[in-house]
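Please consult the sequence and the structure below alongside the text.

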Amino acid sequence: NNLENLFKSKSEKSDKEYFVSQELSDYKTYKRVEKQIEAIISAISVGQDEKAIKFLNDLMQMQVNTQLDNTYVLKSLCNIAKKSADIFRFDFESICLKLAMDISDSDQWVLIQYANQLKRFGEYEKALVMLRKAERIEDSSVIKSSIADVYSQKGDFISALKNYKDIIDWDKTPTILTAIADINRRMGHFDEAEKSYESIIQKAKLGEKEFLESELRSNVGLAEILKQKGELVKASKIYKQVVNQCKDGIDLCHYNLGYCNVLKLMGSFDLAYEIIDDLIQKFPFALRAKFIRGSILGLRSKELEGLLDLPEIDSEIWKEWIGHYIKGLILLKLERFEESQNFLIELLSKVKTSNEEKGLLRMGAALCFIGKNNIKEAVEQLNNISENGSYFTKYISLVLKLHIATINKDKENIKSINLLLSKSVHSDTDLICAIKAIRAGDFVLAIKYEANALLKAA
């Protein structure tokens with residue numbers, strides 16, 4: 001689309017009669033480039049990387065030899081990078097963006113795409129440097145929105161909101177309104193977020209075209225609020241409607257991942273496995289889907305099969321740390337405490353995540369410390385968890401604290417925690433079993449049930 005727009009723009013600016021032959025030549029070149037890009041994406045989609053690299057080199061050589069500047073080769077590289085990310089080939093996306101940066105580190109769109117990738121890898125400060133550089137070339141709402149999104153992913157919600165609201169007509173732009181609603185949801189301001197989501201959905205239903213694309217995402221936002229509150233049946237119904245309405249593509253993949261996370265919390269492991277297995281057939285490089293499948297196998301008491309199913313991970317980029325985390329939890333279930341330490345405790349110092357995700361990591365580390373009988377370190381991890389979180393993660397945290405208090409024979413603490421647990425309106429079979437095991441003094445069994453609860457939340 002970017003290349004096609006370039007040719008359309010050139011056509012509009014040219015004298016029609018004088019440049020007709022040049023336009024035809026450009027269009028033929030465009031169609032040839034389009035086919036080469038399709039061939040590259042087709043190759044990487046089945047893991048034929050050597051063939052893709054050859055096609056990429058041929059394309060770059062052709063464009064460098066036939067164009068007066070680097071505009072077209074940069075657009076092609078950005079186009080391929082975007083299409084690579086859409087099929088979860090983030091490694092090939094990196095190759096394209098690094099090549100683009102080598103050619104020109106002052107092209108605005110290259111900087112924006114490179115910053116977006118850095119953001120996904122958790123390199124927030126580097127991403128902001130790239131975006132500030134792009135902003136100096138020419139300010140735009142796209143750059144401001146990208147900066148705000150980096151702050152949001154980082155967990156700096158105040159800075160994110162400020163940057164979103166610095167954008168002209170932010171209060172009339174559906175994508176920005178949805179992003180702000182997402183922030184309010186993550187901050188725990190559910191009433192405000194619900195009001196925004198429902199307003200967007202209503203405008204879409206009234207036929208306001210610019211709001212149509214944000215309707216599904218707003219419904220997902222409502223489902224996530226229900227999940228946070230523990231209203232899982234309602235959340236699953238919304239997710240089911242969303243995945244049925246969504247067309248094929250990366251959005252459908254993300255919505256199915258969210259749906260499966262709700263099903264895991266509900267204990268609907270068979271349906272979750274069926275959906276995720278089908279998703280992996282369509283998106284074989286979607287690591288997050290493979291991680292979820294591994295966690296479901298662990299939850300179905302197929303721990304060894306789950307360990308074998310988890311893909312090998314070379315780095316902690318994007319959400320790949322979840323694969324290490326799930327592996328560590330499955331190892332805990334198998335009472336392989338020393339091995340689990342490599343994936344739960346050491347992971348804390350390596351990965352860059354938001355505060356929400358950090359809380360989940362800390363609970364995994366705390367459980368590992370309990371398994372190793374290092375109670376002091378377990379207490380420290382739980383004390384560093386943010387107050388914000390879903391009903392479920394708060395429930396897990398309370399059970400872990402009960403576990404520690406029972407080991408320490410701290411009667412006063414046991415009494416206060418039991419009181420808090422008795423007030424909970426939600427229940428989970430694994431955590432109920434964990435509480436019974438803790439009270440019976442069977443701490444090893446309790447760890448297995450607590451690990452199951454964390455696998456559901458991962």
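A residue is classed as buried when its relative accessible area is under 20%, as exposed when that area is over 50%, and as partly exposed in between. K154, at 29% relative accessibility, therefore counts as partly exposed. The model discussed here is predicted. It holds 29 salt bridges, and the points below treat several of the residues involved.

**Salt bridge between K154 and E125**

- K154 forms a salt bridge with E125, and the closest N and O atoms of the pair are 2.4 Å apart.
- E125 has a relative accessible area of 47%, so E125 is partly exposed, as is K154 at 29%.

**Salt bridge between K119 and D149**

- K119 forms a salt bridge with D149, with the closest N and O atoms 2.5 Å apart.
- Because K119 lies in helix α6 (residues 108-120) and D149 in helix α8, the pair ties together parts that are 30 residues apart in sequence.
- K119 counts as buried because its relative accessibility is 12%, whereas D149, with a relative accessible area of 22%, is partly exposed.

- D86 forms a salt bridge with K82, the distance between the closest N and O atoms being 2.9 Å.
- Both D86 and K82 are located in helix α4 (residues 71-86), where they are four residues apart, or about one turn of the helix.
- D86 has a relative accessible area of 24% and is thus partly exposed; K82, at 45% relative accessibility, also counts as partly exposed.

- D139 is found in the loop between α7 (124-137) and α8 (141-154).
- The relative accessibility of D139 is 43%, so this residue counts as partly exposed.
- A network of salt bridges links D139 with R132, E135 and K144.
- The side chains of D139 and K144 make a polar contact at 3.5 Å.
- D139 and F90 are 49 residues apart in sequence, and their C-alpha atoms are 28 Å apart in space.

Conventions. Residues numbered from 1 in each chain as written. Predicted model: local features only at pLDDT ≥ 70, side-chain atom pairs only at ≥ 80, totals over all residues. Heavy atoms only, no water. Helix = DSSP H or I, 4+ residues; strand = E, 2+ residues; numbered from the N terminus. Buried < 20%, exposed > 50% of the residue type's maximum accessible area, 1.4 Å probe, protein only. Polar contact = N/O pair within 3.5 Å; in protein donor to acceptor, adjacent residues only side chain to side chain. Salt bridge = Lys/Arg side-chain N within 4 Å of Asp/Glu carboxyl O.
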